[in-house]
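Biologist: Could you take me through this model? I would like to begin with a single residue and then move on to the sheets and helices.

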Amino acid sequence: MENKFKSGFATLIGRPNVGKSTLMNYLIGQKIAITSNKPQTTRNRIQTVYTSEEGQIVFLDTPGIHKARNKLGSYMVKTAERTLTEVDVILWLVEPTTYIGAGERHILEQLSRIKTPVILVINKTDTVKKAEILTFIDVYRKEMEFAEIVPVSALKGDNTDTLISCIMKYLPYGPAFYDEDTITDQPQRQITAELIREKALRCLEEEIPHGIAVTVEKMKSRKNAGKSPIMDIEATIVCERESHKGIIIGKQGSMLKKIGSLARPDIEDMLECRVNLQLWVKVRKDWRDSELYMKNFGYHPKDSE
Ligand SMILES: Nc1nc2c(ncn2[C@@H]2O[C@H](COP(=O)(O)OP(=O)(O)OP(=O)(O)O)[C@@H](O)[C@H]2O)c(=O)[nH]1
Ligand SMILES: [Mg+2]
């Protein structure tokens, strides 16, 4: 039995907004990566672990591959592309459409240079008619040879069992990398910052969400809280302009309050205790082009080289 166990790494890549993080969360059964309907939500590589009797898959969720417009963008794209050569199998997620745009062409070119097996995952099948899916498969099949083509809906969980079986096929036999109860390598402090950023992304419009970073300054269990522990958390939302700061704070602090009250229950679920959350807003002009600030906010440019 023991020597039949498989284990290996699978990266999720694709253009922004195709549903990589939603799919990864669904597959591991927990919300670890934040998601939103705005492109470029994920900024770092996020590692999670799926374990079954058959084997262990270590998933790498990555930032969407796009045309970078600043240092943060290049960092994100490099972070994603670097995973291609580090894994046993690549999951390339695409939208359910017959149109292959410049974004997909760029990814096809990257994939043509490597030997790692690629599973094409056509996501969001809940948004199209079943009969149409075959035409998408045909269009992509002409572009390159895929190890497998699997249509799924990350939102509804359709066909995800098939996807897991397909991934297992391409993993080598070997012992698990992590305990079976390990879910992620993300520190709680980082998930806290990300959950706050997710609510900011969801509440704010226009260009503001892209220029936001979140730092957690304090995370401390309150002493003498008795049977029902409380964590005191202080975090800062960093933005790029004074005018953005005003919008993030909102009229009499209403927007900041909204972001905080949406983030708090999620953080409480994750930490499994009550949370007292205090949010601040700070301006750091054009931080997305400053390596120093990026490093401060958890995006280490050297890591992606
Ligand atoms: N209808 C439908 N929507 C989906 C599905 N999967 C993801 N979405 C939605 O697509 C949007 C983007 O999802 P994300 O998981 O954040 O996408 P991503 O690929 O991780 O995006 P980046 O991190 O920006 O690269 C969200 O609004 C999701 O709810 C799906 O199967 N069906
Ligand atoms: Mg994502």
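Predicted model: local features only at pLDDT ≥ 70, side-chain atom pairs only at ≥ 80, totals over all residues.

Biologist: Where is alanine 68 placed?

Modeller: Alanine 68 belongs to the loop between β3 (55-61) and α2.

Biologist: Which residues is alanine 68 in contact with, leaving aside its neighbours within four places in sequence?

Modeller: Those contacts are Gly73, Ser74 and Val77. As for lysine 78, 10 residues apart from alanine 68 along the chain, the two C-alpha atoms are separated by 10.0 Å.

Biologist: Which residues in α2 are buried?

Modeller: The buried residues in α2 are Leu72, Tyr75, Met76, Thr79 and Ala80. They lie on the same side of α2, because the arc they cover around the axis is only 130 degrees.

Biologist: And what covers the buried residues of α2?

Modeller: The cover includes β1 (6-14) and α9 (291-296).

Biologist: Let us change topic to the sheets. In what order do the strands of the 6-strand sheet come?

Modeller: The order is β2-β3-β1-β4-β5-β6, in an open sheet with mixed pairing. β2 (46-51) and β6 (148-151) are the edge strands, each pairing on one side only. On average, neighbouring strands of this sheet are turned by 25 degrees against each other, direction ignored.

Biologist: How many bridges join β2 to β3?

Modeller: There are 6 bridges, and the two strands run antiparallel. Within that pair, threonine 48 has phenylalanine 59 in β3 as its bridge partner.

Biologist: Which strands does helix α4 lie across?

Modeller: Helix α4 (residues 130-141) lies across β5 (118-122) and β6, and runs at about 150 degrees to β6. Helix α5 (residues 160-169) also packs on the sheet, where it touches β1, β3, β4 (89-94), β5 and β6; the direction of α5 makes about 160 degrees with that of β6.

Biologist: What is the strand order in the sheet of 3 strands?

Modeller: The order there is β7-β8-β9, again in an open sheet, and the pairing is mixed. β7 (213-221) and β9 (274-283) each have a single partner strand, so one side of each is left without a neighbour in the sheet. The twist averages 20 degrees from one strand to the next.

Biologist: Which pair in that sheet is parallel and which is antiparallel?

Modeller: β7 and β8 (residues 230-239) pair in the antiparallel sense over 8 bridges, while β8 and β9 run parallel and are joined by 10 bridges. Glutamate 234 in β8 stands opposite lysine 218 and also opposite glutamine 278 in β9.

Biologist: Which helices pack on these strands?

Modeller: Helix α6 (residues 188-203) lies across β7 and β8, at about 130 degrees to β7. Helix α8 (residues 254-271) touches β8 and β9, and its direction makes about 135 degrees with that of β9.

Biologist: At what angle do α6 and α8 pack?

Modeller: The angle is about 140 degrees, with the axes 9 Å apart, and the crossing is right-handed. Among the residues that meet there are Ile191, Leu195 and Ile196 in α6, and Ile259, Leu262 and Ile267 in α8.

Note on methods
Residues numbered from 1 in each chain as written. Chains lettered and ligands numbered in written order. Pairing = 2+ DSSP bridges. Helix = DSSP H or I, 4+ residues; strand = E, 2+ residues; numbered from the N terminus. Axes fitted to C-alpha atoms, helices over the stretch in contact; angles between N-to-C directions. Contact = placed C-beta atoms within 7 Å. Buried ≥ 20, exposed ≤ 12 C-beta atoms within 10 Å, placed from the backbone. Arc of directions from axis to C-beta. Left-handed = near helix turned anticlockwise from the far one by under 90°.
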